[in-house]
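Here's a quick tour of the cross-links in this one. Have the sequence and the model open while you read.

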Amino acid sequence: MQKFSIASVLVLLVGCSAGNNNAGGSGESATGTGGGTSSTPLEPGCTVAPACGTCGTCSEQCYCVKQDIAFCANYCSAQSGSGGSPSTSTGGSPSTSTGGYPASSGGFPASSGGDTSTASGGSTTTSTGGAPASTGGATSSGGTTSTGTGTSSNDQVFEITSASFAVPAGGEVYKCQNFQNTIGSDVAIVESDSFMSPGSHHMFVFHDPSFDTDTGTMADCSGTEFHDFLHSAQTPQQTVTYPATVGRKLASTEGLRILAHYLNSTSADLTAQVDVKFHYVPTSGVKYLASELFLNQALINVPTGMSTQSATYNTPWQANLLLSVSHMHKRGTNFLATTSTGVTLYQGKTWDEPQTNNYDPPLAIPSGTTITWACSYDNETGQALTFGESAATNEMCIFVGTYYSSDMAHQGVPMNSVIGIGGL
């Protein structure tokens with residue numbers, strides 16, 4: 001997975017199944033430590049891939065075979081090297097055969113040193129380089145939290161896994177679940193990794209004291225609900241890794257709330273689930289606290305035909321932008337965010353799973369800079385579209401970023417501007 005980014009790594013996984021392996025041919029071949037490389041270009045996702053071996057990422061390949069979001073979250077977050085899963089660690093999840101990923105029919109991975117899911121709570125891989133070992137890992141249908149040692153000796157891991165929930169054929173759902181924070185002290189999140197099973201459109205992990213309880217199920221909620229958030233994703237596997245001196249604060253009194261938006265464009269019902277890992281250190285371990293930059297046009301009214309909606313925001317203090325991404329719905333054809341200093345912050349034409357702009361080094365935005373963000377639409381429905389939760393029947397125009405300020409008086413403070421009401 002990419003570091004220092006929200007890594008856009010796959011498209012909808014619908015279409016893969018546990019029996020749809022590729023044991024060779026044009027799939028991936030094991031080429032040594034660090035995983036496989038492809039003998040032919042990988043398909044961009046399982047929606048069009050004829051077999052699991054042609055899926056483009058670890059998350060796709062793993063879920064295609066295992067159908068287990070918690071296992072794949074642990075496995076793929078522990079991947080090493082360029083392009084894939086670790087192949088040499090003892091007790092981890094090595095793939096040892098040549099010519100396929102996974103290497104055997106129905107197995108993930110193929111060798112006897114594979115996953116060690118020995119407790120009813122979930123997978124507890126203990127190898128160096130493998131997934132963090134957690135007590136009572138998260139695979140239950142009711143959703144769980146767990147803690148463990150991270151991949152670095154300097155961080156710990158707090159993991160939440162949602163309850164599974166149904167997405168009916170042709171349906172669109174918005175589901176939420178709260179999780180108690182069991183860390184016990186204020187911490188700085190230095191990496192966050194999210195994994196969503198097939199059918200995902202986006203997700204948030206909000207944080208607030210009112211969420212500090214385990215609700216146990218993914219219940220219906222509003223797709224326009226919005227709170228300060230620790231992590232967001234528009235692709236099924238996404239990672240944010242912060243610079244060495246930067247983290248995102250989670251207070252000991254704050255619980256977590258997952259909001260997931262799912263679309264099912266198939267003719268069969270889906271069972272969905274979300275898993276998120278937070279790597280954290282004491283707040284004393286970082287110098288700067290990051291937060292979100294979230295600019296939302298919630299009063300848009302998209303007429304029929306071609307049109308463009310735009311809005312502006314003046315930054316109230318200095319910001320160092322780490323990453324940025326757009327959010328639109330189905331009729332969105334182009335997104336453009338620029339600054340009054342002549343910098344293009346984001347441009348893209350994709351409404352579903354847009355790629356993220358990552359800034360390394362961070363992009364310095366002076367205090368008082370005007371950010372203009374605009375969305376272009378092709379509305380062929382014959383009626384005006386308003387802001388709303390449905391990706392099919394409403395529209396949105398939102399600029400999302402992650403930043404930190406060199407101004408110590410504004411550490412960890414969100415830059416949120418919602419013109420009207422609502423969220424992503």
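What follows covers the disulfides, then some of the salt bridges.

Keep in mind that this is a predicted model. Searching the whole structure turns up 3 disulfides and 6 salt bridges.

**Disulfide Cys62–Cys72**
- Cys62 and Cys72 are joined with an S to S distance of 2.1 Å. Cys62 sits in helix H1 (residues 58–66) and Cys72 in helix H2 (residues 69–77), so the bond ties together parts 10 residues apart in sequence.
- The torsion about the S-S bond of Cys62 and Cys72 is about -85°, which makes this disulfide left-handed.
- Cys62 and Cys72 are both buried.

**Disulfide Cys176–Cys221**
- Cys176 pairs up with Cys221, S to S 2.1 Å. Cys176 is in strand E6 (residues 172–179), while Cys221 is in the loop between strand E9 (219–220) and strand E10 (229–233), so the pair ties together parts 45 residues apart in sequence.
- Here the S-S torsion of Cys176 and Cys221 is about 75°, so the disulfide is right-handed.
- Both Cys176 and Cys221 are buried.

**Disulfide Cys375–Cys397**
- Cys375 bonds to Cys397 with S to S at 2.0 Å. This pair links distant parts of the chain, with Cys375 in strand E23 (residues 370–379) and Cys397 in strand E25 (residues 397–404), 22 residues apart.
- The link of Cys375 and Cys397 is right-handed, with 90° about the S-S bond, and both cysteines are buried.

**Salt bridges**
- Asp220 is exposed at 63% relative accessible area, whereas Lys175 counts as buried at 13%.
- Glu225 is buried, with a relative accessible area of 16%, and Arg257 counts as buried at 14%.
- Glu380 is in the loop between E23 and strand E24 (385–386), and Arg331 is in the loop between strand E19 (319–328) and strand E20 (332–339), 49 residues apart.
- Glu380 counts as exposed at 54% relative accessibility, but Arg331 is buried at 11%.

Note on methods. Residues are numbered from 1 along each chain as its sequence is written. This is a predicted model: local features need pLDDT of at least 70, side-chain atom pairs count only at pLDDT 80 or more; totals for chains, interfaces and linings use all residues. Side-chain values use heavy atoms; hydrogens and water are left out. A disulfide is a pair of cysteine sulfur atoms within 2.5 Å. Helices (H or I, at least four residues) and strands (E, at least two) are DSSP runs, numbered from the N terminus. Buried means under 20% relative accessible area, exposed over 50%, partly exposed in between (1.4 Å probe, protein chains only). A salt bridge is a side-chain nitrogen of Lys or Arg within 4 Å of a carboxyl oxygen of Asp or Glu.
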